[in-house]
Amino acid sequence: MDKINLADLTNLIMEQAKVKGFGTKLEDIDVAEKAGVEEALLLAHIEYWVFKNMANGKHFYGGHWWTYNSQEAFTKIFPFWKRNHIRRIIRNLKKREYLNVGNFNKRLYDKTTWYTSLRPDFLKTLGANAPMDWCESTNGLVHSHQPIPK
């Protein structure tokens, strides 16, 4: 892979975020200004999955919708960040009260961390721009790729 400087990488990330509908709302810009661009990017990623879980009725605990991931998995999603860097971003989001962290794993030895956004109304602002494919189909035939029988 060719070397890329931080400014080019930031621009690339923000362009991809805009394609997905993130980074274009005042709320996203506010997070970037107050906490940092990297924090805004990770928070937008987490909010996307929390919204998707809400749309599919999954992972509702303690009055919040949640998503989960390990720091190791985040390094695969964001290969330009090391694990320690992701840990710092998460710590900063928690400190600035943008992110809540929990553990709702069924097995005690499972240390996978759960996340939810603390931004008020983020589910409403995401829902206004949500693509149709964010929800699972309620029709089991949709995934079968077969025509409806006559």
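Helices (H or I, at least four residues) and strands (E, at least two) are DSSP runs, numbered from the N terminus. You're looking at a predicted model, where local features need pLDDT of at least 70, side-chain atom pairs count only at pLDDT 80 or more, and totals for chains, interfaces and linings use all residues. Residues are numbered from 1 along each chain as its sequence is written, and side-chain values use heavy atoms, with hydrogens and water left out.

**Stop 1: the whole chain.** Colour the protein chain by secondary structure and you'll find 6 helices and 5 strands. Follow the sequence and they come in the pattern α-α-α-β-β-β-α-α-β-β-α. Of the 150 residues, 34% are buried (under 20% relative accessible area; exposed is over 50% and partly exposed is in between, with a 1.4 Å probe and protein chains only).

**Stop 2: helix H5.** Select residues 83–95, the 13 residues of H5. From first C-alpha to last, H5 reaches 18 Å, close to the 18 Å expected at 1.5 Å a residue (the expected span is 1.5 Å times one less than the number of residues). Now show the side chains of Ile86, Ile89, Ile90, Asn92 and Leu93, the buried residues of H5. They sit on the same side of H5 because they cover an arc of only 160° around the axis (taken from the directions from the helix axis to the C-beta atoms). An α-helix has 3.6 residues a turn, so residues three or four places apart point the same way.

What covers that buried side? The cover includes helices H3 (37–55) and H4 (71–77), plus strands S4 (99–102) and S5 (113–117).

Stop 3: Click on Arg96, in the loop between H5 and S4. Arg96 is partly exposed, with a relative accessible area of 41%. Leaving out residues up to four places away in sequence, Arg96 touches Lys34 and Ala35 (contact means heavy atoms within 4.5 Å). Arg96 and Ala35 are 61 residues apart along the chain, yet their C-alpha atoms are separated by 7.2 Å. Glu97, also following H5, has a positive phi, near 60°.

**Stop 4: a helix-lined pocket.** Select Trp49, Asn53, His59, Thr67 and Tyr68: among the 14 residues lining the second largest pocket, these lie nearest its centre. H3 gives the largest share of this lining, 5 residues.

Notes: 1 Å grid on protein atoms, 1.4 Å probe; cavity = no way out; pocket = protein on both sides within 12 Å on 5 of 7 lines; lining within 4 Å.
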